[in-house]
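Let's walk through this structure together, starting with its sheet and ending with its ligand. Please keep the 3D view open as you read.

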Amino acid sequence: MSSSSYNFQNMTDAPMPEASDMRIGIVVSEWNNNITEDLLAGAFETLKKYGVKEENIIVRSVPGSFELVFGCSQMIKYGNVDGVIAIGCIIRGDTPHFEYISGGATQGLIELNLKSDIPVVFGVLTTNNLQQAEERAGGMLGNKGDEYAITAIKMVDYARSLKKNS
Ligand code: DLZ
């Protein structure tokens, strides 16, 4: 569900998992960097807030959201990380690029989740205009980067909980 009244903080009261030994990779797109830098800052601060050590947050950038798939794939292979956050911002324009790039990035990130044991969080804003993106990157609807960080910690914990019992 995506609506202006939806607030992630209201989703659950579940306690946050222990995250002090987690290593999280963040791959961030340079396209619309005025938005993605703010999402990155939100994710970075929230990871730290919940105990992830700064030195265990590995940030790399790629040119655009389409490159997030390769960027995350390489992060999984060589970054020695427990989880990955893919951050991008795709804004609808006059041409069909929006559908191609958002569809490609989404499908690629889904495939990474299916192929590897490292969870990849979908931190890609897909908006109709710049204002909608700004509202979600530290504006009146909060910073979605916070949600991406919380989701990454929860998914790493989820994967660990199953491995521990296998
Ligand atoms: C080319 C393009 C366009 C038009 N729009 C966006 C966008 O809104 N957000 C984004 O992250 N990237 C965009 N790109 C760049 C593509 O993601 C990609 O970098 C290029 O097609 C090169 O592969």
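Strand E1 (residues 24-29) and strand E3 (residues 83-91) run parallel and are joined by five bridges. Helices (H or I, at least four residues) and strands (E, at least two) are DSSP runs, numbered from the N terminus, and two strands pair if DSSP finds at least two bridges between them.

A word on the model itself: it is predicted, so local features need pLDDT of at least 70 and side-chain atom pairs count only at pLDDT 80 or more, while totals for chains, interfaces and linings use all residues. Residues are numbered from 1 along each chain as its sequence is written, and side-chain values use heavy atoms, with hydrogens and water left out.

E1 also has E2 as a parallel neighbour, and six bridges join the two. Here Ser29 stands opposite Val62 in E2. To get from E1 to E2 the chain passes through H1, a β-α-β crossover that is right-handed (with the strands pointing away from the viewer, the path from the first strand over the helix to the second runs clockwise).

Now for the whole sheet: it is open, has four strands in the order E2-E1-E3-E4, and pairs them in parallel. Its edge strands, each pairing on one side only, are E2 (57-62) and E4 (120-127). From one strand to the next, the twist averages 15 degrees.

Helix H1 (residues 33-49) packs on this sheet, touching E1, E2, E3 and E4, and its direction makes about 155 degrees with that of E3. Contact means heavy atoms within 4.5 Å. Helix H3 (residues 97-115) lies across E3 and E4, running at about 170 degrees to E4. For these angles, axes are lines fitted to C-alpha atoms, for helices over the stretch in contact, and angles run from 0 to 180 degrees between N-to-C directions.

What surrounds the ligand? Among the residues around it are Ser29, Trp31, Asn32, Glu67 and His97, each with a heavy atom within 4 Å of it. E3 gives the most to this shell, with three residues. The table lists polar contacts (pairs of N or O atoms within 3.5 Å).

| Backbone N or O atom of | Ligand atom | Distance |
|---|---|---|
| Phe66 | oxygen | 3.1 Å |
| Cys89 | nitrogen | 2.8 Å |
| Ile91 | oxygen | 3.1 Å |

On its own the ligand has 480 Å² of accessible area, of which the protein covers 71% (Shrake-Rupley method, 1.4 Å probe).

Definitions and conventions:
A polar contact is a pair of N or O atoms within 3.5 Å; within protein, one must be able to donate a hydrogen and the other to accept it, and residues adjacent in sequence count only if both atoms are side-chain atoms.
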